[in-house]
Amino acid sequence: LFWWQGVDGSKILTYFPMSGYVNSLDYKGIISDLKLSEANTGRNDVLILYGFGNHGGGPERFMLDRVLKFRENPFFPNVKFIKPYEYLEQMDKNFLETIPTWNDELYLEYHRGTFTTQAAAKSGNRRSEFGLANSEKLALFASLYGKEYPKDDFNKAWEKTLFNQFHDILPGSSIAPVYKDAKEDYDYIDKTYKKITDQSLTYLGDLINTSAIKGDPFIIFNSASWERTDICKLTLPEKFKDKNIAVTDDKGKVIPFQKSDENVICFLAKNIPGLGYKTYSIIESNTSKAGDNKSNNNYIENKYFQVKVNDKTGNISSLYDKINKKEVLSSEGNLIQLFDDRPTMYDAWEIKYTGVKWDLNCADKVIIEERGDVFSKIKITKSFLGSNKDQMTPTSAYPSSFFTQNIILYNDLNRI
């Protein structure tokens, strides 16, 4: 029993049932809860949440019959049914001033392994939430101009998304066949929102008059509610393959771009309005706009940062903030560490650190993988074979784990 204080100073009276959320109201359990309550709060009463709460079931008749039997015994503590808020409301104000205040988030160490277990399901959930929300916005705008809103498609996709947020699916504590089904659901959701997004953007794009724009115009839509400046990637139309091109912004000004893959370009789209768009264009041109980016094999720099990587350890040896004129690191940073985790039970749910760790201070390779007018990228590869790992083919010394990390600096973005 405690006050839970938020960042704004407000408090919520909070109660954790002494025996958790599964209780069949047997006499030993009730007496044990009473003792725990008195020891922890000083009170001679206790609120018990009863029923088979862990399996979707509630109270059963035999539990209620037990309470009626207890009431017949004059030596047994008084038992009555009450709603939680009624129990809390009847507490004396002077007593409530004496209970502790927790001024932080509630971090419960039990089952904390569920933050990372079954990462593919967690990724599918987040992609589904964002993808469906973004496609809903676009579909809504398209419906305002005559396109039918795909209500049934959204309902089915959201039902699958919410179903997989069940408290044993999303945390990663289910058996393997559950995640096979979840993957099929997330694949369906992915296809649904991508199809609706493409259809809505095509419909809205056809309504925008681009007749006065030179070259091949294209639309950048910002589905966020705030103005954004960020990197965009575009697959070039086939007709521009092997040709000299330039990218122009909504004012017709040539901007820097960079070929990232064989036929993909990336560039910085600036100040795209929230829930709005800007029109850019690709034109044939021998004119290009250079960016402000310096780099060598283990060093990249833009107008905000200088980043140096130790080519032997693969760690960042220097991170200099050019705006504040300050070296950020006191020693090497970006160190990859591995920790030995051996829970005694519930290995998908629990984390038990044994005290054994490994620092990956040896890089297999450090190279500048990309360098251009928009960004530079250092690629770092490392490998690891733990002492308790089974060795794998093709050789007995074949590393059991691989790590690939890209460190990227964009010319006009103050992030790494």
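A pocket here is an open set of points on a 1 Å grid over the protein atoms alone, where a 1.4 Å probe fits, with protein on both sides within 12 Å along at least five of seven lines, and lining residues have an atom within 4 Å of a point. The model is a predicted one, in which local features need pLDDT of at least 70 and side-chain atom pairs count only at pLDDT 80 or more, while totals for chains, interfaces and linings use all residues. Residues are numbered from 1 along each chain as its sequence is written, and side-chain values use heavy atoms, without hydrogens and water.

The space in this largest pocket comes to about 910 Å³, a volume being the space filled by probe spheres set on the grid points. At least two lining residues come from each of α5 (119-144), α7 (176-207), β6 (216-222), β7 (228-235) and β11 (264-272), and α7 gives the most, with eight residues. Helices (H or I, at least four residues) and strands (E, at least two) are DSSP runs, numbered from the N terminus. By type, the lining holds 18 nonpolar, seven polar and four charged residues.

Strand β11 also contains N271, which has a positive phi of about 55° although it is not a glycine. N271 is partly exposed, with a relative accessible area of 37%, where partly exposed lies between buried (under 20%) and exposed (over 50%), using a 1.4 Å probe and protein chains only. N334, in the loop between β17 (326-327) and β18 (336-341), likewise has a positive phi, near 65°, and is partly exposed at 30% relative accessibility.

Conventions:
Ala, Val, Leu, Ile, Met, Phe, Trp, Tyr, Cys and Pro count as nonpolar, Asp, Glu, Lys and Arg as charged, and the others, Gly among them, as polar.
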